[in-house]
Amino acid sequence: MQIRFFPKLILLISAFLSGAILACGEMPSKSVATIGTVEITQQSLDYRAAIQAAYGGDTLPMPTALVAAGNDALAEDVAASLGLTPTSEEIQQFVSHVDETSKAPDILQKVKNVFGEDSLSYINIYLKPKVVEAKLQRYQAFDTAAQNDGRRRIQQAYAVVAEGKSFAEAASVVGGIASVDTFTTATKPTVPEELAKFGQGNSDPHPLAVLAEQHLKPGVVFQQVVEDDKAYRIVRLLDRNSERSIVEIVSIAKGDYHAWLRKRAEGIPIVLHDKNLADSVKAKHGTTWWVPAIVVK
């Protein structure tokens, strides 16, 4: 039997502040680093350091601010290499969305106060990286090359179950996780952390709850692999009544996003123009994977 994959639609970030121009950069300032195609200025590091204080913490040390900027720069270059650079429309939509739905408007205002009238830096330093990250995560989650191992293993698990063996046996064979879950019509999906903190919610029932209630018969294995951004699953309905559905699942987690991003970012040149700062970064954050690749020029 040929197995078809059944992707779950997930939200791509939408929303952003009107009037911003994506291509514009930050305020002119001394360049302290060049990571790939991204220029990092002293002013941008000062902003990053102050954002932490807006959240109620201490001002970030400069080496830590540089590492945060470096992480964003590497992600931005990877996104550009894949044709995933956010469009002006995406940025504008997300800015508006943050303004309209933030659950912590007082903190958001404090962050904006850090940037003052420099709205372009607010967008490029504080908001744009969140859009880049969301686009990269979605790409990696549904890229067949990146997820080839998981697809192969879930197909193997399906074959084991089709032979009449238990879900637990199938999970054991492929290194997956077997579970029994109960869903009700009120069960809601988990909101990704990067969206939840901006008030992004979803009132729809959990996709597996919908599947169990509308498409499964008791005792029958669903004939498609269920795919979302986190895992591949095969599903069988065990029992259903008017209040809840009980399903048996074998799950194969998708490949790690951060490992994928690191592999994609390897080879991007990392140049610091300040030896003292470079030494401080290496001393304080030497275990960050890209820090040993720093070149001082």
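Contact here means heavy atoms within 4.5 Å, and axes are lines fitted to C-alpha atoms, for helices over the stretch in contact, with angles from 0 to 180 degrees between N-to-C directions. The model is predicted: local features need pLDDT of at least 70 and side-chain atom pairs pLDDT 80 or more, whereas totals for chains, interfaces and linings use all residues. Residues are numbered from 1 along each chain as its sequence is written, and side-chain values use heavy atoms, with hydrogens and water left out.

View 1. Helix 1 (residues 42-54) lies across strand 2 and strand 3, at about 70° to strand 3. Helices (H or I, at least four residues) and strands (E, at least two) are DSSP runs, numbered from the N terminus. The open sheet has 4 strands in the order 3-2-8-9, with mixed pairing; two strands pair if DSSP finds at least two bridges between them. Strand 3 and strand 9 (295-296) are the edges, each pairing on one side only. Strand 2 and strand 3 run antiparallel and are joined by 4 bridges. Thr 34 has Glu 39, in strand 3, as its bridge partner.

**View 2. The largest nonpolar core.** A nonpolar core is a set of buried Ala, Val, Leu, Ile, Met, Phe, Trp, Tyr and Cys residues joined through side-chain atoms within 4.5 Å. Buried means under 20% relative accessible area, exposed over 50% and partly exposed in between (1.4 Å probe, protein chains only). The largest core has 32 residues, and Ile 40, Leu 66 and Leu 136 have the most contacts inside it. Elements giving two or more residues to this core include strand 2 (31-35), strand 3 (38-41), helix 5 (119-142) and helix 10 (257-265). Helix 2 supplies the largest share, 9 residues. Beyond its neighbours within four places in sequence, Leu 136 is in contact with residues including Ala 75, Val 78, Leu 84, Tyr 257 and Trp 260. Another core, of 16 residues, lies apart from this one and has Tyr 47, Ile 91, Val 98 and Tyr 122 among its members.

View 3. Rings of Phe, Tyr and Trp (its six-membered ring) pair if their centres lie within 6.5 Å; planes under 30 degrees apart count as stacked, over 60 as edge-to-face and the rest as tilted. The count comes to 5 aromatic pairs. The pair Tyr 122 and Tyr 126 is stacked, because the ring centres are 5.9 Å apart and the planes are at 25°. Both residues lie in helix 5, 4 residues apart, about one turn of the helix. Tyr 122 is buried at 4% relative accessibility, and Tyr 126 is buried at 7%. The rings of Tyr 257 and Trp 260 also have centres 5.9 Å apart, but with planes at 35°, so this pair is tilted. Tyr 257 and Trp 260 lie 3 residues apart in helix 10. One aromatic cluster is formed by Tyr 47, Phe 115, Tyr 122 and Tyr 126.

**View 4. The buried face of helix 9.** In helix 9 (residues 207-214), the buried residues are Leu 208, Ala 209, Leu 211 and Ala 212. Seen down the helix axis, they fall within an arc of 160° and therefore line one face of helix 9; the arc is that of the directions from the helix axis to the C-beta atoms. These buried residues pack against strand 4 (177-183), strand 5 (224-227), strand 6 (231-240) and strand 7 (245-253).
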